[in-house]
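I opened this notebook to keep a record of what I looked up in one model, entry by entry. Each entry starts from a place or a property and notes what I found there.

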Amino acid sequence: MASTDQLTAAAQAVRTGVGLLDRSERGKLALTGAGAKALLQGQVTNDVEALEPGSGCYAALLTQKGKMLGDLRILDTGAEVWLDTERPTLQAIFNAVHRARIGFEAELHKRTLERGLLSLIGPRAREVAGAVGEAEHANAPGEIAGIPVLLVATDVGVDLICDAGQTAALSAALIARGAVAIDEATAECVRVEHGRPRYGFELDETTIPQEAGLNARAVSFEKGCYVGQETVARLHWRGKPNRYLRGLRLSAPAPAGTELLLGEKVVGKLGSVAISPAHGPIGLALVRREAPPGTHVAAGEASAEVVELPF
């Protein structure tokens with residue numbers, strides 16, 4: 001694999017410094033009012049009412065049958081309950097919250113066009129961004145070059161939320177502090193290496209959270225009822241999923257969506273694919289339990305070894 005001095009500037013930044021990616025296209029909402037967290041509590045899989053100002057969680061929105069309509073980050077900023085999600089799932093989340101808000105003291109606000117979102121990825125992220133808690137989703141207000149920001153801890157660095165009109169100025173200020181602009185492919189490689197599934201790639205409307213290894217991150221088994229709870233709880237306590245999120249070490253890159261074959265049987269399809277400086281061609285996929293880690297499968301013209309995550 002590539003040595004550090006052979007890496008591109010972007011790839012080296014996310015491994016030894018800090019990379020900067022504009023993710024302002026993500027769907028963004030906010031809830032205000034005394035009933036904001038109680039409203040969400042009955043809609044999503046995680047325990048929103050347990051959040052304190054400055055904390056947050058990851059959660060899923062499900063159908064009645066426990067299948068995923070979307071996933072989202074939820075932050076209690078003290079001033080509001082912030083939600084962000086993949087852009088294609090924004091409408092489903094907006095519709096669910098909007099329908100459910102009757103009877104709750106809560107107002108739903110659209111923030112997608114009003115707020116910018118920049119991601120710092122790499123070991124120097126906190127040095128460049130400023131102080132924020134260590135726990136994932138910890139959040140705190142801050143200021144960079146006179147620009148008010150909300151700092152949010154992530155699994156790979158720090159996200160910064162600002163007024164949309166100040167996104168370009170904030171980006172320039174972060175670059176002046178040492179961040180290196182990176183592209184989506186570089187950030188996606190880090191995500192795949194960490195084994196984090198993404199909606200629209202590994203996750204879709206056929207996925208139950210446990211299949212994708214999301215129970216520990218996204219599901220509370222202590223909270224009250226929410227949409228889809230019965231299926232999620234039954235599978236957790238009494239069942240065994242037919243599929244599991246796995247890593248794939250590929251002999252060569254293969255297109256996303258390529259069927260994975262064990263003999264003549266289809267046991268999954270490739271989700272995200274990346275060329276990792278550390279691991280070579282790798283991918284993520286939901287793979288049937290007939291192909292546990294250590295199994296070799298065909299992926300189009302390539303072969304692949306099924307492995308545990310993270311890589």
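The entries below go from the whole chain to a cavity, then to a helix and to single residues.

**Entry 1, the chain as a whole.** I note at the outset that this is a predicted model. I counted eight helices and 17 strands in the chain. I then looked at the overall dimensions, and along the principal axes the C-alpha atoms fill a box of roughly 55 × 50 × 30 Å. For 311 residues a compact globule would have a radius of gyration near 19 Å, and the 20 Å of the chain agrees with that. Buried residues account for 53% of the 311 residues.

How many cavities of 30 Å³ or more does a search of the whole structure find? I found one, and the largest cavity holds about 650 Å³ of space. Its lining is made up of 27 residues, of which Arg23, Arg26, Glu86, Asp155 and Arg191 are the closest to the centre. I looked up which elements give two or more residues to this lining, and they are β4 (68-76), β7 (115-121) and α6 (184-194). The largest share, five residues, comes from α6. Sorted by class, the lining of the largest cavity has 16 charged, eight nonpolar and three polar residues.

Eight of the 11 residues of α6 are buried, so the helix is largely enclosed by the rest of the structure. The buried ones are Thr186, Ala187, Glu188, Cys189, Val190, Arg191, Val192 and Glu193; Arg191 is also one of the residues closest to the centre of the largest cavity. I asked what covers the buried residues of α6, and the cover includes α1 (9-16), β1 (19-22), β7, β14 (265-276) and β15 (280-288). Just after the helix, I noted that Gly195 takes a positive phi of about 75 degrees.

I placed Trp82 in strand β5, residues 81-85. Is Trp82 buried or exposed? With a relative accessible area of 2%, against a cut-off of under 20%, Trp82 is buried. Leaving out residues up to four places away in sequence, I found that Trp82 touches Lys28, Leu29, Arg73, Ile74, Leu75, Thr77, Arg111, Arg115 and Ile161. The C-alpha atoms of Trp82 and Ala30 are separated by 4.5 Å, although these residues are 52 apart along the chain. The side chain of Trp82 also makes a polar contact of 2.8 Å with the side chain of Asp84.

A polar atom of the Ser220 side chain lies 3.3 Å from the backbone nitrogen of Lys223. Beyond its neighbours within four places in sequence, Ser220 is in contact with Thr45, Asn46, Asp47 and Tyr226. I then turned to Gly146, in the loop between β8 (139-144) and β9 (147-153), and found this glycine partly exposed, with a relative accessible area of 47%. Its C-alpha atom is 9.2 Å from that of Leu170, which is 24 residues away along the chain.

Methods:
Residues are numbered from 1 along each chain as its sequence is written. This is a predicted model: local features need pLDDT of at least 70, side-chain atom pairs count only at pLDDT 80 or more; totals for chains, interfaces and linings use all residues. Side-chain values use heavy atoms; hydrogens and water are left out. A polar contact is a pair of N or O atoms within 3.5 Å; within protein, one must be able to donate a hydrogen and the other to accept it, and residues adjacent in sequence count only if both atoms are side-chain atoms. Contact means heavy atoms within 4.5 Å. On a 1 Å grid over the protein atoms alone, a cavity is a set of points where a 1.4 Å probe fits but cannot get out, and a pocket is an open set with protein on both sides within 12 Å along at least five of seven lines; lining residues have an atom within 4 Å of a point. Grid points are joined across faces, edges and corners, and a volume is the space filled by probe spheres set on the points. Helices (H or I, at least four residues) and strands (E, at least two) are DSSP runs, numbered from the N terminus. Ala, Val, Leu, Ile, Met, Phe, Trp, Tyr, Cys and Pro count as nonpolar, Asp, Glu, Lys and Arg as charged, and the others, Gly among them, as polar. Buried means under 20% relative accessible area, exposed over 50%, partly exposed in between (1.4 Å probe, protein chains only). The radius of gyration is taken over C-alpha atoms; the globule rule is 2.2 Å times the number of residues to the power 0.38.
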